[in-house]
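Please take a moment with the sequence and the model before I start.

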Amino acid sequence: RKGLDNLLQALALNRGAAWHLTGVGDGPERERLEALASALRLAARIRWTGGLPAEQLARLWPDLDVLVQPSRALPHWQEPNGHVLIEAMAHEVAVLGSDSGVIPETVGDAGIVVLAGDVPGLATQLLRLADDAVRKPLAQAGRARALRLYSDDAVADRTLEFWKALVEK
């Protein structure tokens with residue numbers, strides 16, 4: 001569902017570019033994804049961390065340029081969770097996601113959204129984000145969006161406004 005095989009295929013299309021992938025997380029698909037990375041001759045450029053505790057994950061953010069969430073758009077499933085995108089934006093990491101579920105709404109105009117399953121489109125946008133002049137303004141816009149919409153204060157303000165509106169009715 002997360003479309004990581006599409007990401008690997010997009011990276012294979014960008015073989016000539018300078019990139020390195022850090023895969024964070026674990027699950028039943030990891031072995032298949034590692035085998036695909038090997039078959040695509042990408043394994044030497046990928047570090048698989050497995051699941052990380054919060055303190056190790058916090059140390060990872062400064063080393064990232066782009067966070068990619070290439071989730072699939074399936075008939076009975078769309079991406080329900082944008083938390084990792086919000087975290088990346090809050091850490092001033094540029095984000096690239098598919099148009100599945102909550103991703104477009106979460107990213108807004110502070111990142112790049114491609115059609116789910118569009119491997120060539122994903123590859124093209126990854127190359128675009130390799131350019132500091134494209135990536136850095138998006139990362140800054142992402143941080144501003146995360147603080148404006150998803151910080152504890154922003155969520156508390158919206159919650160308070162919601163309850164006030166209910167009471168006033």
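What you are looking at is a predicted model, in which local features need pLDDT of at least 70 and side-chain atom pairs count only at pLDDT 80 or more, while totals for chains, interfaces and linings use all residues. Residues are numbered from 1 along each chain as its sequence is written, and side-chain values use heavy atoms, with hydrogens and water left out.

A search of the whole structure finds eight salt bridges, each being a side-chain nitrogen of Lys or Arg within 4 Å of a carboxyl oxygen of Asp or Glu. One of them joins the side chains of Lys-2 and Glu-79, at 2.8 Å from N to O. This pair links distant parts of the chain, 77 residues apart, with Lys-2 in the segment before α1 (4–13) and Glu-79 in the loop between β3 (66–69) and α4 (83–90); helices (H or I, at least four residues) and strands (E, at least two) are DSSP runs, numbered from the N terminus. Lys-2 is partly exposed at 39% relative accessible area, whereas Glu-79 is buried at 2%, where buried means under 20%, exposed over 50% and partly exposed in between, with a 1.4 Å probe and protein chains only.

Now to Arg-135, which is buried at 10% relative accessibility. Its side chain meets that of Asp-132 in a salt bridge of 2.2 Å, N to O, and both residues lie in helix α7, three residues apart, about one turn of the helix.
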